[in-house]
Amino acid sequence: MLLLKDREKEIPSSEITPKNTYEAFQMNRRALMAGLGAMGVAAALPRQAGAEVKIDGLVTTPYAVPDRAVTPEEKAKSYNNFYEFGEDKGDPAKNAYKLRTYPWNVSVEGLVAKPRTFQFGELFHLRPMESRVYRFRCVEAWSMVIPWDGYSLAELIKVVEPLPKAKFVQFISVENSKEEILPDGIRWPYSEGLRMDEAMNPLTLLTFGSYGETLANQQGAPVRVIVPWKYGFKSAKSIVKIKFVEKMPETTWNDLASDEYGFYSNVNPTVDHPRWTQAHERLLNTNSIFPKVVPTLMFNGYADQVASMYAGMDLRKNY
Amino acid sequence: MPSRAIPYVKVLVHALCLLPALLLLRMYFNGTLALEADPVNYITHFTGDWALWMLLGSLTITPLRRLVSALSWTIRLRRMIGLYAFFYATLHLLTYVLLFSGFDVPAAVAGVRAGHLMEPWTQLKLIWPTMLDDLKKRKFIQVGLAAWTILLVLAVTSPQRVLRAMGGKNWQRVHRLVYLAGMLACVHFWWLVKTGVRTPWKVTAVLSLLLVMRVGYWGLKKMKTGKVAVAA
């Protein structure tokens, strides 16, 4: 069901959706209707490149950030580091409409007993979709508070049965020069990784939506991970491959500048980035030009759930 | 350009140079600035970009005059554009001090309104240690501050009276520091972007071209005067 809001009002030409955006929207909408079947879809009007569709039957969870307001949705969807679509944080919202998110397959492979290629719909319906509000801390020292929709990555991992030799999980993002800009200077496709215990941690969310809707392309549609106690770049977007490996995988930013971005990249106020302090962050959760600058929390405030995984490790060395 | 027209041109250039600042103010008042996802980041880049562009603008005048003699009157705009570079660089620095560093603007404003005129100072003292620490640790802030300091010196020594008091030779020596300021500003830009990001290449290319043109001109002049000397 497509609800057209404010039908009677005359639409200014500035608001008319460009044809390609509309086509992408239609395509995605059809894809979702077909692919998700039982989900029961109510489409929201596209704002910009929006092909986001409301997700029904979300399970509410205790994951919340009671002391911080949720970031306005427009901000979360217009300020994205998604270098495949340009280097400026405003670029992905302008360019990512070109990404075709249907059909979409995710190959889960490597050191697992049951390797398998999942069609997007299968992955979407594997487990009930939960809504979780997480702090989101970018390595650039700004942060947001975002309600994500998904289920624990652990649920998927259990299905494919990793072999004892599998020590790390690697995520490969989509690489497609027809739809993406893929700027020089970075080796594509984007690759990220987690240690097995990090990937199995219940906080690690296989994410399909935000704000109760499917992900906008610029947020990494149709499926990404969210690892809330790590800097944002660890949370790979638009994933096409999940690979179980024995050795620590090469990851994009670590590969580019290992002195700036470690493999772990846990949010840690005591370890500065060479060019800026990580002790505090600009909290982007209001429509005010005077930002609240707040102290950054160890493990982004998730120490209780994750600190034990790093017991005995020198986090100054393993940054 | 008849010299009678120059005052009008100056007014026009003033208006053009102020336009970016006015646009930013307009964005503040009509609320679009607040809707930017990260307003502080936006202001920082906006003022930094314009400072750099103004600096490049003022550095364009000399090579332009040498190439096109009909444009030699533009020398009368050079100081003004240079001062606007300083103006935007100062806004850029203030953005860092007042918005980036954690300075509590609402608290400072509320304090002043309640009659505590020293409140902004108190707030500044609160963030001072963090800022010094930042300056000590970060090379890109150091070179940025160095570039701003040069522009400050040039701005202070820019009036005709100061020029006369210093003597043309000395004045020119000091004002050649503008090349260093340009280079430092570019280094500042390169050092602040992420590894792999190449956004600063355009301004770097323009600055390089402007500097190479000067070196070329200087070399040519050397060669010519050399020849003259030999002929004589």
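Which residue takes a positive phi in the hairpin of S4(A) and S5(A)? A:Ala141 does, with phi near 75 degrees, and the hairpin has 4 residues between the strands.

This is a predicted model, in which local features need pLDDT of at least 70 and side-chain atom pairs count only at pLDDT 80 or more, while totals for chains, interfaces and linings use all residues. Residues are numbered from 1 along each chain as its sequence is written, and chains are lettered from A and ligands numbered from 1 in the order in which they are written.

**View 1. Strands S1, S4 and S5 of chain A.** Helices (H or I, at least four residues) and strands (E, at least two) are DSSP runs, numbered from the N terminus. Strands S4 (residues 130-137) and S5 (residues 142-152) of chain A run antiparallel and are joined by 8 bridges; two strands pair if DSSP finds at least two bridges between them. Within this pair, A:Arg135 stands opposite A:Val145. S4(A) also pairs with strand S1 (residues 59-60) of chain A, in the parallel sense, over 2 bridges. There A:Thr60 stands opposite A:Ser131.

**View 2. Strand S6 of chain A and its two partners.** Of the 6 residues in S6(A) (residues 168-173), 6 are buried. A residue is buried if 20 or more other C-beta atoms lie within 10 Å of its own, exposed if 12 or fewer, and partly exposed in between, with C-beta atoms placed from the backbone. A:Phe168, A:Gln170 and A:Ile172 point one way from the strand, and A:Val169, A:Phe171 and A:Ser173 point the other way. In a regular strand the side chains alternate between the two faces of the sheet. S6(A) pairs in the antiparallel sense with S7(A) (residues 191-195) over 5 bridges and with S11(A) (residues 239-245) over 6 bridges. A:Ile172 stands opposite A:Ser191 in S7(A) and opposite A:Lys241 in S11(A).

View 3. A:Lys247 is found in the loop between S11 and helix H7 (252-256) of chain A. A:Lys247 counts as exposed because it has 8 C-beta neighbours inside 10 Å. From A:Lys247 to A:Phe168 the C-alpha to C-alpha distance is 6.6 Å, although the two are 79 residues apart in sequence.

**View 4. Nonpolar cores.** A nonpolar core is a set of buried Ala, Val, Leu, Ile, Met, Phe, Trp, Tyr and Cys residues joined through C-beta atoms within 7 Å. The largest has 55 residues, and A:Val223, A:Val225 and A:Ile239 have the most contacts inside it. S5(A) gives the most to this core, with 5 residues. Another core, of 36 residues, lies apart from it and includes B:Ala51, B:Tyr96, B:Phe103 and B:Leu207.

**View 5. The contact of chains A and B.** Each chain gives 22 residues to the contact, where two residues are in contact if their C-beta atoms, placed from the backbone, lie within 7 Å. H2(B) gives the most to the side of chain B that touches chain A, with 3 residues. By class, this side has 13 nonpolar, 4 polar and 5 charged residues. Ala, Val, Leu, Ile, Met, Phe, Trp, Tyr, Cys and Pro count as nonpolar, Asp, Glu, Lys and Arg as charged, and the others, Gly among them, as polar. The predictor gives the complex an ipTM of 0.77 and a pTM of 0.81.
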